[in-house]
Amino acid sequence: KKGSLFLLGEILASWDCEIAEMPTKDFCGTCTRCVEICPTQAINENRTLTTDRCISYWTIESRKVPPPALREKFGDWFFGCDLCQTVCPWNQKQHANLMTDLLLPMKETQAAELESELRFFLTASGKQIQKKYSASPMLRAGPFGLRRNSLIVIRNRKIKSLQPEVGLWLQDDRLSELAQWCMDALQ
């Protein structure tokens with residue numbers, strides 16, 4: 001009844017303890033909204049997740065560049081996605097205002113802020129990024145991940161004004177292929 005927007009935790013202990021297996025109840029019924037909205041089809045019909053198709057996995061946890069077949073499906077999701085959480089009826093009941101805001105199109109002022117932030121990620125040093133985002137969960141992706149995500153968003157939003165910044169990464173060992181993929185779409 002509280003929705004699914006909460007943090008799961010784990011307790012590590014040095015003693016053995018028995019955990020009673022609790023039966024799980026299916027609260028979803030016939031609802032398939034999360035399956036239907038997932039841009040990368042990461043959520044399967046049986047409500048399991050194929051991690052290597054999940055936008056949140058790729059933009060937060062992965063230390064690699066996603067395969068070309070998935071990149072366009074990321075749209076402009078820079079850090080995480082949560083579309084599945086946004087459309088869940090249980091979250092709609094608990095967090096209606098938040099959910100509505102997440103589905104609204106980006107405003108022009110937000111687009112300008114996004115462009116400025118993307119420019120920062122592509123021009124700042126790793127230390128500058130770490131300093132600016134030291135207290136933010138975004139640092140989980142690290143400077144590499146934030147640059148990778150920037151290139152994908154720039155390409156998918158076709159932000160041509162950032163071509164010079166994209167060009168800075170054409171010779172990078174890890175990001176050159178992604179930078180070229182981005183640049184090809186901007187020309």
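1. Cysteine C81. In this predicted model, the closest cysteine sulfur to that of C81 belongs to C84, at 6.4 Å. A disulfide needs the two sulfurs within 2.5 Å, so C81 and C84 are too far apart for a bond. C81 is also buried, because its relative accessibility is 13% and the cut-off for buried is under 20%.

2. Cysteine C88. C88 is in no disulfide either; the sulfur of C28 is the nearest cysteine sulfur, 6.4 Å away. C88 has a relative accessible area of 18%, so C88 counts as buried.

3. How many disulfides does the rule give? The count is zero.

4. Arginine R155. R155 sits in helix α9, which covers residues 142-157. Is R155 buried or exposed? R155 is buried, at 12% relative accessible area. Beyond its neighbours within four places in sequence, R155 is in contact with E72, W181, C182 and A185.

5. Arginine R53. Where does R53 lie? R53 is in the loop that runs between α1 (33-37) and α2 (55-61). R53 is partly exposed, with a relative accessibility of 27%. Setting aside its neighbours within four places in sequence, R53 is in contact with T40, Q41, A42, W58, L70 and K73.

6. R53 and P67. In sequence, R53 and P67 are 14 residues apart. In space, their C-alpha atoms are 9.5 Å apart.

Definitions and conventions
Residues numbered from 1 in each chain as written. Predicted model: local features only at pLDDT ≥ 70, side-chain atom pairs only at ≥ 80, totals over all residues. Heavy atoms only, no water. Buried < 20%, exposed > 50% of the residue type's maximum accessible area, 1.4 Å probe, protein only. Helix = DSSP H or I, 4+ residues; strand = E, 2+ residues; numbered from the N terminus. Contact = heavy atoms within 4.5 Å.
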